[in-house]
Amino acid sequence: MRALVTGAAGFIGSHLSEALLQRGDQVVAIDNLATGSLRNLSAVRSWPAFRFIQADVCDSQALERLCDPPFDVIFHLAAAVGVRTILDHPLASLNTNLRGTENALAAAAPGSTLIVASTSEVYGKNESGPLSEQADRILGAGELARWWYAVAKMADEALALASHREGKVKALVVRLFNTVGPRQTGRYGMVLPNLVRQALAGEPLTVYGDGEQTRCFTYVEDTVKAMIALAESPASPGLIFNIGQSTEISINALARRVLELTGSRSKIVHVSYQEAYGDSYEDMRRRVPDCSLLERTIGFMPTNRLDEAIRAVAAEIQARGEGECASA
Ligand SMILES: NC(=O)c1ccc[n+]([C@@H]2O[C@H](COP(=O)([O-])OP(=O)(O)OC[C@H]3O[C@@H](n4cnc5c(N)ncnc54)[C@H](O)[C@@H]3O)[C@@H](O)[C@H]2O)c1
């Protein structure tokens, strides 16, 4: 395949680019390096089949130029991501997350397959589970900035499906549930890299709320494998797919597991949502995916690889020298 990956210098985009290149695909990668880093692409930057272009997905002309000649597949991952980013820069985040997708869809040729990265956040406060793609989306009050990431991603989904229905491009949507692994940064509010870094540095592990809220964490390798398989499946365009795995773990249990696997003696401390994110924050107690459509379509569904993810994240942080091992 000849593939374009937007947001390629980010956490998931860099793993996706690597996986495509390892299969023998050609990859053009774009990123404005807002939250991503060229360091994430250091393993592949010298590959002849790889080209990196620093560009902004809000620049429609740059995207149009790039898509001539057309790509077989466009993976649109570039986005403003993370609770902290959305709360601190709501307008810029909305701009990137709405205009970037609009531009990617406009630049894509009718014969290209375009995969839009959406999020389990669109299910909002629907805590019934497991959530299939048909589940209701229940968002909080319109003035709460916390939900605007989901609002933009919901609009992205609609743009993608409408473009597909009108024959503009073969578009599909992937709703990613919490994805974890090396290269994810904790700077914008992602829980696992923060907990692992704190454990390795001998600092208290900060858990928000009472910590009994549960999440399902998917190893990035599985997420990427599913995305590539969907890109190749003739049955996937026009549809929405959950990508995740369904083993739940509370954030308290996650913090304890991080302590066990890193050998850290750090304490776990609880911080209120109000203290962490201000008055207008709301969270959901659980969010579990139903990935049966994914399995029926590509014959694969991610499994629970949380321990592997924790070990890999810890190894990466230690290799970068960002955590002093606090083990006994
Ligand atoms: N990590 C998760 O758990 C998760 C869950 C649900 C959905 N997603 C979605 O997956 C995608 C990738 O997320 P990630 O976790 O790798 O985050 P990330 O922040 O590591 O990656 C996003 C990348 O997009 C780039 N970017 C941001 N604005 C841009 C712009 N205007 N032009 C060009 N590049 C721009 C950033 O520099 C970064 O490299 C996003 O669309 C995100 O919404 C991720």
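Helix α6 (residues 191–201) and helix α11 (residues 306–319) have axes that come within 10 Å and cross at roughly 60 degrees, the axes being lines fitted to C-alpha atoms over the stretch in contact, with angles from 0 to 180 degrees between N-to-C directions. That makes α6 oblique to α11, since angles under 35 degrees count as roughly parallel, over 145 as roughly antiparallel, 65 to 115 as roughly perpendicular and the rest as oblique. In this contact (C-beta atoms, placed from the backbone, within 7 Å), L192, P193, V196, R197 and L200 of α6 meet A309, I310, V313, A314, I317 and Q318 of α11.

This is a predicted model, in which local features need pLDDT of at least 70 and side-chain atom pairs count only at pLDDT 80 or more, while totals for chains, interfaces and linings use all residues. Residues are numbered from 1 along each chain as its sequence is written. Helices (H or I, at least four residues) and strands (E, at least two) are DSSP runs, numbered from the N terminus.

An open sheet of seven strands runs in the order β3-β2-β1-β4-β5-β6-β11 with parallel pairing, where strands pair if DSSP finds at least two bridges between them. Its edge strands, each pairing on one side only, are tabulated here.

| Edge strand | Residues |
|---|---|
| β3 | 50–54 |
| β11 | 240–243 |

Strand β6 (residues 170–176) pairs with β11 in the parallel sense over four bridges, and L176 stands opposite I243 in β11. Helix α1 packs on the sheet, touching β1 (2–6), β2 (26–31), β3 and β4 (73–76), and its direction makes about 165 degrees with that of β2.

Methods:
Two residues are in contact if their C-beta atoms, placed from the backbone, lie within 7 Å.
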